[in-house]
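Let us take a friendly walk through a protein model. Have the sequence and the 3D view ready.

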Amino acid sequence: MRIDVVSIFPAYLEPLGMSLIGKASRQGLLDVRVHDLRDFTHDRHRTVDDTPYGGGAGMVMRPEPWGEALDALCDDGDVPHLIVPGPGGALFTQAMAAELARKPRLAFACGRYEGIDERVIDEARSHLPVSVVSLGDYVLNGGEVAALAMIEAIVRLIPGVIGNAASLEEESHTGGLLEYPIYTKPRQWRGREVPSVLLSGDHGAIEHWRREQRHDRTERTRPDLLRMTADPEAAASTDNPRFRAAVQRDAGEIWTMARACWVTEARDHDSFEIPALTESLLDVQEWLTAWHTWVVRSHGRLIGSVRARRTHDLWDIGRLMVAPDLQGRGLGKALLAYAEQQAPVEVAGFSMFTGGHSVDNLRMYRRAGYEICGRSTYAGIPTVELYKPRS
Ligand code: SAM
């Protein structure tokens with residue numbers, strides 16, 4: 001990737017030669033070029049600013065040096081994606097960093113004073129992709145610190161820049177959640193112990209604990225992130241639903257949604273003696289500790305859930321549910337596929353059961369590769385057992 005940065009303070013960008021970014025440049029993964037905007041001025045004072053039309057405080061960056069500087073960046077015909085740091089721009093996020101990390105060329109136009117004459121951005125937009133990007137809801141003195149922060153977040157996602165790529169996978173903001181708490185030696189420090197689960201050697205339990213911690217921490221400190229899922233339509237499609245491990249706090253909604261989902265089963269079987277309808281909130285709270293359960297939310301609302309656990313060499317999947325108003329859009333299928341993917345390697349196949357008269361469910365399970373392997377009754381209701389070998 002090539003990155004050009006234009007600034008009136010090129011020395012501000014010197015940290016780009018240090019640490020992992022400097023190393024990436026030396027390894028040839030990155031080509032960083034910093035340009036002094038004043039090199040594109042033609043007067044004795046190398047002037048880059050002037051008073052604002054219409055009056056007001058402060059100075060505005062003149063368009064001519066910026067025009068020449070941006071022309072020079074494109075003179076080989078290979079245009080960069082131009083990022084103009086500014087507090088009025090789109091908020092810089094991890095998702096944006098990931099998208100920009102895939103571009104072959106980026107350029108940063110670092111403003112100072114009150115900012116850059118708007119025509120520079122309009123003109124650039126006529127021949128370049130341009131994004132005005134804000135680091136956050138506060139005002140810095142110039143774009144250099146914002147450019148440094150963005151470049152660091154982008155460059156570390158370029159393959160090869162971070163030695164251990166796996167370390168990127170569970171970081172804060174990956175999958176919309178914050179990172180779980182981390183610990184190292186010593187095991188006890190100033191009377192504080194490392195959580196015992198991390199010393200247990202039980203990888204499943206550690207993974208479960210970390211998932212819960214990520215969710216708890218996000219809910220506690222950044223609940224806005226949990227509500228940042230797409231709208232119900234988008235979240236309910238198979239395109240990109242975000243599944244996460246359920247926590248105790250989800251129990252009430254799981255219990256409530258089960259009632260809304262299984263009431264049609266009750267009608268089809270002419271009985272309310274269905275486990276999902278007869279269990280109490282306490283039952284749900286209890287099985288949440290015994291089963292792996294995943295949920296999907298949209299705008300904070302629970303819209304789907306599924307649970308699974310290992311029974312001998314089978315991965316038992318159940319309580320697959322999607323909010324009634326969002327059924328038929330593929331979310332159930334996506335939840336089922338997700339639950340299957342979470343099965344431990346030792347498992348030979350997947351098992352489920354459903355009501356004998358649940359025609360729609362049976363159709364969906366058949367389409368997902370399940371075959372009926374047994375029939376019985378539960379509280380007088382016909383049930384079918386389904387099996388799918390692991391492929
Ligand atoms: N007058 C501008 C306004 O109110 O929106 C603020 C200009 S600021 C003092 C000068 C420069 O700092 C901006 O042109 C931009 O390059 C940079 N800057 C300030 N805050 C920023 C932020 N939150 N994110 C990105 N860049 C910022």
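Strand β5 gives the most to the shell around the ligand, with four residues. Helices (H or I, at least four residues) and strands (E, at least two) are DSSP runs, numbered from the N terminus. What you see is a predicted model, in which local features need pLDDT of at least 70, side-chain atom pairs count only at pLDDT 80 or more, and totals for chains, interfaces and linings use all residues. Residues are numbered from 1 along each chain as its sequence is written.

**Around the ligand**

The ligand is surrounded by 19 residues, and the closest are Pro85, Gly111, Gly115, Gly143 and Ala146. A residue counts as near if its C-beta atom, placed from the backbone, lies within 6 Å of the molecule. Sorted by class, the shell has eight nonpolar, nine polar and two charged residues. Here Ala, Val, Leu, Ile, Met, Phe, Trp, Tyr, Cys and Pro count as nonpolar, Asp, Glu, Lys and Arg as charged, and the others, Gly among them, as polar.

**Domains**

An automatic or database domain assignment provides the bounds used here. The chain is divided into domain 1 (2-155), domain 2 (179-221) and domain 3 (235-389). Between the C-alpha centres of domain 1 and domain 3 there are 51 Å.

**Two helix pairs**

Two packed helices are described by the angle between their axes and the distance between the axes. Axes are lines fitted to C-alpha atoms, for helices over the stretch in contact, and angles run from 0 to 180 degrees between N-to-C directions.

| Helices | Angle | Axis distance |
|---|---|---|
| α10 (251-269) and α12 (281-290) | roughly 120° | within 9 Å |
| α2 (63-73) and α4 (118-125) | about 25° | 9 Å |

The angle in the table makes α10 oblique to α12, while α2 is roughly parallel to α4. Angles under 35 degrees count as roughly parallel, over 145 as roughly antiparallel, 65 to 115 as roughly perpendicular and the rest as oblique.

Which residues of α10 and α12 meet? Ala251, Gly252, Ile254 and Trp255 in α10 meet Leu281, Val284, Gln285 and Leu288 in α12. Two residues are in contact if their C-beta atoms, placed from the backbone, lie within 7 Å. This contact has six nonpolar, two polar and no charged residues.

In the other pair, Pro63, Trp66, Gly67 and Leu70 of α2 touch Arg119, Val120, Glu123 and Ala124 of α4. By class, that gives five nonpolar, one polar and two charged residues.

**Two backbone details**

Most residues other than glycine have a negative phi, and most peptide bonds are trans. Ser19 has a positive phi of about 50° although it is not a glycine, and Ser19 lies in helix α1 (residues 19-26). Lys185 and Pro186 are joined by a cis peptide bond, with omega about 5°. Pro186 sits in the loop between α6 (166-169) and β8 (188-189).
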